[in-house]
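Please keep the sequence and the structure open while reading.

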Amino acid sequence: MGVKTTVLCENAVYGNIGAIGEHGWSVWLETPRGEYLFDTGQGKGLLNNAAFFGKDLAAVNGVLLSHHHSDHTGGLLDAMKAMRGGPSEGGVPVHAHPDLFKDSFSTKSEKLRHIGVPHTRSLLEVEGADFRLETGWREIEEGVYMTGEVPRRTSYEIGDQELKHYGEAGGLVVDPIRDDQTVVIDTGEGLFVVLGCSHAGVVNILTYITEKTGKSRFHTVMGGTHLGPVEEDQIARSIAALHEFDIGRIGVSHCTGQRTAARMAGEFGDRFFFCSVGTVVEA
Ligand SMILES: [Fe+2]
Ligand SMILES: [Fe+2]
């Protein structure tokens, strides 16, 4: 199955004069059965960059969201407005997890920062969002999947300890971000994986994808690995574990951070690429 992805929002822009970088992530996904928007960035760059790269938001079959964080969902309102009048008129399917509208916070700076979806569900629905919220693995169309919640199996993928939500006792505790999910496309030449932020742990994610599909050949793995803001133990053990998978190309972005990305470039050599704004990957 022919697949083409174009990075619309990412932290960095190299050379695409007119495109905008922002701390965020969004990928335009073209498949033989239609086009999809995976994540929406934080809302500054999406419309500009979609126009810059000639992607018609009104043409999408649906929106896929990796998790609730605002750097992935902040562009959703603009996206809904832009999708008016397209084939999905009467409601644009938005596939996500039931935790989409939870409150969560970053404690990275002195002031607590809300990092949930910056718009209300009702406003987004008025603008055309038809939320399809599910927890499990699902097929969006033939050969295109979302993982749903990913079982946390490794001991070392403990994640970002500065991201919090309200625990059962009412106080702020580390958020397991159980809604974190990944897009998987079965290309026939191997699995094509587009990560969101990998809060579930990139090793857990790839392991689960292999379990669910019964396939272990990864044509491409691209996206955020969240190996930037974690401890050295997790970075080193995750990179070591990635070598055990059969990955044709690995392209990292966003929450991987420059330092870990540079390290992975050294580790994976010709198989490595960096996914900045405008990066196109085809399979
Ligand atoms: Fe995130
Ligand atoms: Fe992110």
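1. Strand β10 (residues 144–146) and strand β13 (residues 183–186) run antiparallel and are joined by 3 bridges, and within this pairing Met 146 has Val 183 of β13 as its bridge partner. Two strands pair if DSSP finds at least two bridges between them, while helices (H or I, at least four residues) and strands (E, at least two) are DSSP runs numbered from the N terminus.

2. This is a predicted model, in which local features need pLDDT of at least 70 and side-chain atom pairs count only at pLDDT 80 or more, whereas totals for chains, interfaces and linings use all residues. Residues are numbered from 1 along each chain as its sequence is written, and chains are lettered from A and ligands numbered from 1 in the order in which they are written.

3. Both strands belong to an open sheet of 7 strands with mixed pairing, ordered β9-β10-β13-β14-β15-β16-β17. At its edges lie β9 (138–141) and β17 (272–274), each of which pairs on one side only.

4. The protein as a whole has 7 helices and 18 strands, and its C-alpha trace spans about 50 × 50 × 40 Å along the principal axes.
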